[in-house]
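Here are my notes on the complex, point by point. Have the viewer open while you read.

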Amino acid sequence: MDLSFLLAGTGKTMTSFFSMTYLFAFLPVCLIVYAVTPKKAKKYVLLAESLLFFWLVSGALVLYLILSAVSVFCFGLWLDKLQQKQKTALKGLPKEEKKAAKQKHLRKQRAVLALGVLIHIGMLLVLKYSEFFLGNINSILSAFNCPFRMYIPKFIMPVGISFFTLQAVSYITDVYHGLIAADRNFPRILLFMSFFPQIVEGPICRYGQTAEQLWNVGQIKYRSLTFGLQRILFGMMKKIVVADRLDPLVKKVFDEPNSFDGGVIILAAVCYTVQLYMDFSGSMDAVLGTAEIFGVKLPENFQRPFFSRSVSEFWKRWHITLGAWFKDYIFYPVTSSKRMKNLTSSARKKLGNHYGPLAAGGIALFCVWWCNGLWHGAGWNFIFFGMYHFVLILSGNLIEPLVKPINNKLHIKTDSAGYKVFQIIRTTILVIIGELFFRANGIASGMQLFGRIFSDLTFRSFDGGLLYRLGVDRYDLIIAAVTVVIVFIISILNEKCISIREALEKKSLVFRWCILYVLILYIVVFGAYSFGYIPVDPMYAQF
Amino acid sequence: MERLIEILEDIQPDVDYKNCTDLIDGHFLNSLDIISLIAELEDEYDITIPAIEIIPDNFNSAERIMKMIERLQEED
Amino acid sequence: MLTTLKNTLKGIVFTVILFALLLLASAVFIPKDNTKEVWKYDYTANGFLAEPKDTIDVLFLGDSEVFSGVSPLRIWEKYGITSYCCSTGKQRLWYTLEYLYQFLENQSPKVIFLETDLVLKYFSVDDLILHAPERYLPVLRYHDRWKQFSFTELWQAPHYSYLDKYKGYHIYGDANAANTEKYMDETNESANMSKMNQLYVDTIFDICKRTGAKFVLYSTPSTKNWNMKKHNRTVTLAEKLGVDYIDFNLLQDEVKIDWDKDTHDKGDHLNYYGAVKVSDYLGKYLSETGILKNHKGESGYGSWNTAFEAYKKDVEKKLNIKYE
């Protein structure tokens with residue numbers, strides 16, 4: 001019997017939570033099996049389904065996920081053992097000796113932590129970045145006419161590695177800090193690492209946020225079922241009606257940076273930012289909606305980012321869990337290291353309150369954005385994207401003390417609605433420029449596109465044939481725009497702390513059902529699927 | 001407590017530290033202020049504040065900050 | 001317990017109403033005519049919808065290899081046999097099956113050909129789940145028609161008016177020589193055929209058997225799309241089904257394809273000259289089966305003569321040759 005299928009899985013079909021196989025085959029079967037299982041066994045069913053999902057997508061690489069969980073589990077126990085040892089050793093010691101002894105113990109724990117983090121991040125680096133790094137070394141070698149070339153190995157990456165690796169590191173670190181107790185229950189850790197809705201595109205969760213919840217899952221409740229399904233539907237609208245519809249246009253312009261004038265490039269850059277938001281936040285709706293059905297509350301990844309008044313606020317509201325991870329595990333650890341603290345203290349005395357901490361903050365910020373860029377992909381345009389935001393946020397901090405007096409002099413009311421709108425638009429434009437480089441096929445291509453916006457700012461290609469050349473038509477743009485407006489209105493309401501879903505819940509059954517039917521038919525009719533459309537992979541699954 | 005409020009006021013004046021209970025969540029202190037604050041606190045109270053303690057819950061009010069300091073002093 | 005029952009009931013009612021709405025939407029969205037403007041995609045393949053009932057005896061199913069490689073009007077001219085190419089670019093088996101169902105609604109073909117290029121081609125489970133319900137809920141396929149709605153046609157019943165002038169065939173005049181290196185080199189290996197493809201071919205075969213049509217597999221000459229591995233696999237398939245298999249790629253002695261002149265895109269597809277050679281062979285094969293009638297001169301088939309005359313003129317004009 002041919003068993004090679006055991007290694008292969010079924011390929012990429014299911015990585016999109018809006019793929020037919022996932023929505024109409026995998027998920028329903030999972031829910032039914034889960035629902036009919038006795039309560040005590042539900043968590044194991046959930047675990048089995050998660051591993052099954054991973055296997056279907058990545059085949060034998062599911063072993064990598066399991067090994068990661070084993071390693072995380074062992075490091076947790078190891079740290080725990082060292083901590084216990086420290087406790088007993090320190091007990092009864094006089095205070096003077098205590099400190100020195102504690103340092104000795106901590107050094108050991110730190111070494112274990114470093115080893116654990118190194119293994120996981122190291123594997124990620126090797127699998128995801130060796131091609132990029134070695135490729136760069138080879139270009140340098142060839143620039144110096146050196147006859148040697150590094151051998152570039154090809155690795156297959158397990159799906160979601162960028163996401164679950166960060167979860168692994170956060171677990172080990174949290175155990176080290178005593179924030180959580182080391183888990184003695186391996187299946188619980190495995191479930192924390194592999195819960196299937198979040199494995200492909202996050203959100204990146206901390207052990208304290210989800211592990212207990214996942215382990216205590218119970219009966220599917222009617223309310224969570226309906227709420228979850230509604231949220232999936234809403235995400236589906238974002239993804240299928242807007243994101244996928246704009247895909248041909250974006251692809252065309254970014255693939256041919258020389259063929260279009262500035263006006264079209266601006267259009268494409270805006271469309272790409274819209275597409276990215278709709279795709280990623282739509283997928284998040286599906287992920288969180290699915291988790292909601294199981295009664296699990298995952299952390300939100302978006303908080304209406306396009307209402308941000310500054311770039312740094314934007315990044316607190318876009319891909320929130322990634323930003324939080326960087327803040328918790330890079331930004332503050334860097335700034336609160338001994339050397340940085342001394343730097344802050346001395347700089348504050350010379351430079352004052354604002355610029356003093358900026359030295360250490362700037363260095364930490366640099367680390368964060370370097371990592372953020374690289375995390376998104378092994379390519380110079382991603383690093384450029386990271387550095388672009390680093391410069392924006394740092395310079396925002398640098399000029400902040402200058403802006404205030406100017407505003408005062410010009411009698412600009414910074415909390416007036418007009419100024420807020422100005423800030424929001426300014427932030428959005430800066431973000432769109434960043435995403436342009438993010439999407440471009442390399443920095444050179446990005447520069448070319450960006451340059452053309454200024455050197456060739458005409459709208460002459462906006463003739464009758466333009467849209468046809470871009471692979472869309474007037475109606476595509478109209479329906480995308482209408483849907484964006486719908487999402488925008490809902491966002492405004494959410495921004496004002498009005499929960500649509502809870503408001504709807506209070507309405508009559510007929511009214512609620514009508515809304516749902518309208519939404520479903522809207523997706524069925526206006527979705528970009530079936531004939532004439534090519535399914536688009538979820539954008540964040542590649543990272 | 002007096003001393004703590006002095007430090008806070010030195011870093012970021014315009015805030016009523018005695019009564020404010022959402023220093024972080026209300027965006028009264030930004031991440032740069034936190035960096036300064038931690039450096040100052042460590043000097044002043046002879047403690048180490050590990051990065052993991054830097055969570056809104058520990059910094060949302062002067063009282064919460066004091067609680068954290070006392071806890072860290074005890075642990076040492 | 002009572003609430004569970006109530007909620008289940010609610011779910012069922014919700015779903016039933018949803019399906020009713022989708023059926024209603026389907027009635028609205030289904031194309032009301034098969035013209036190019038209304039149908040948009042693959043309209044030449046749909047020309048059969050306007051053909052009079054039970055007038056087409058032979059059906060060719062397949063991807064672009066078919067509409068570039070068989071000319072039904074050529075077969076009509078030589079043998080008086082009526083045929084049609086339900087062929088679309090990048091067709092996959094699930095779509096082939098759809099065409100077969102649609103075709104059988106109004107026609108009773110005696111012979112059904114399946115071109116093999118698509119038989120071994122991959123299609124995903126996603127395609128299956130997406131397209132299988134389209135037969136029952138056409139709105140899933142034709143939903144894009146909101147872009148061209150006119151509100152008067154919305155509520156009409158379908159009426160098909162478009163007759164394809166070449167019966168699904170596309171004339172390609174130019175020639176681009178193919179590279180025949182390694183073309184059909186001997187090997188004992190066999191290409192892979194997925195279970196899903198197998199299932200679909202079996203289904204098509206069963207339908208043919210049920211309707212009494214003769215099912216034939218054939219491979220258009222193509223240096224790019226065909227090789228010995230695929231041939232071997234198809235031979236196995238034909239043996240299993242017990243059907244005829246004509247591989248033109250191995251019939252070089254009888255159907256003399258000139259790879260310098262008979263392909264319009266370097267061996268990917270045939271041009272007019274190649275299609276004539278294939279059509280003549282198939283016409284002869286069909287007439288020799290003895291199950292097909294020569295309809296020439298019969299009343300009700302006059303339009304085929306008119307169509308042929310127009311086709312002949314177009315060929316002469318387009319290719320600047322004398323029709324032979």
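1. Two pairs of chains touch, and the pair with the most contacts is A and C; a contact here means that the C-beta atoms of two residues, placed from the backbone, lie within 7 Å. Chains B and C share no contact, and their closest C-alpha atoms are 40 Å apart.

2. Before you go further, a word on conventions: this is a predicted model, with local features needing pLDDT of at least 70, side-chain atom pairs counted only at pLDDT 80 or more, and totals for chains, interfaces and linings using all residues. Residues are numbered from 1 along each chain as its sequence is written, while chains are lettered from A and ligands numbered from 1 in the order in which they are written.

3. How confident is the predictor? For the complex it gives an ipTM of 0.83 and a pTM of 0.87. Chain C has a mean pLDDT of 90, with 100% of its residues at 70 or more; pLDDT is the predictor's confidence in each residue, from 0 to 100.

4. Now the A–C interface. Chain A puts in 19 residues and chain C 18. On the chain A side, the elements giving two or more residues are α2 (20-36) and α21 (509-526) of chain A, where helices are DSSP runs of H or I with at least four residues, strands are runs of E with at least two, and both are numbered from the N terminus. The top contributor on that side is α21(A), with six residues. Sorted by class, the chain A side has 13 nonpolar, five polar and one charged residues. For these classes, Ala, Val, Leu, Ile, Met, Phe, Trp, Tyr, Cys and Pro count as nonpolar, Asp, Glu, Lys and Arg as charged, and the others, Gly among them, as polar.

5. The contact between chains A and B takes 18 residues from chain A and 15 from chain B. Helix α2 (residues 31-45) of chain B supplies the largest share of the chain B side, eight residues. That side of chain B splits into 10 nonpolar, two polar and three charged residues.

6. Chain A itself is assigned domain 1 (5-219), domain 2 (227-298 + 452-543) and domain 3 (315-439), with bounds from an automatic or database domain assignment. The centres of domains 2 and 3 of chain A, taken over C-alpha atoms, are 28 Å apart. Seven residues of domain 2 of chain A contact eight of domain 3 of chain A. Helix α11 (residues 262-293) of chain A gives the most to the domain 2 side, five residues. By class, that domain 2 side has six nonpolar, one polar and no charged residues.

7. Chain C has 11 helices and five strands. Its radius of gyration is 22 Å, close to the 20 Å that the globule rule gives for 324 residues, so chain C is as compact as a globular protein of that length; the radius is taken over C-alpha atoms, and the rule is 2.2 Å times the number of residues to the power 0.38.

8. Which strand of chain C is mostly covered? Strand β4 (residues 214-219) of chain C has five of its six residues buried, buried meaning 20 or more other C-beta atoms within 10 Å of a residue's own, placed from the backbone. Strand β3 (residues 111-115) of chain C runs parallel to β4(C), joined by five bridges; strands pair if DSSP finds at least two bridges between them. C:Ile112 has C:Phe215 in β4(C) as its bridge partner. Strand β5 (residues 244-247) of chain C also pairs with β4(C) in the parallel sense, over four bridges, and there C:Leu217 stands opposite C:Tyr245.

Conventions:
Buried ≥ 20, exposed ≤ 12 C-beta atoms within 10 Å, placed from the backbone.
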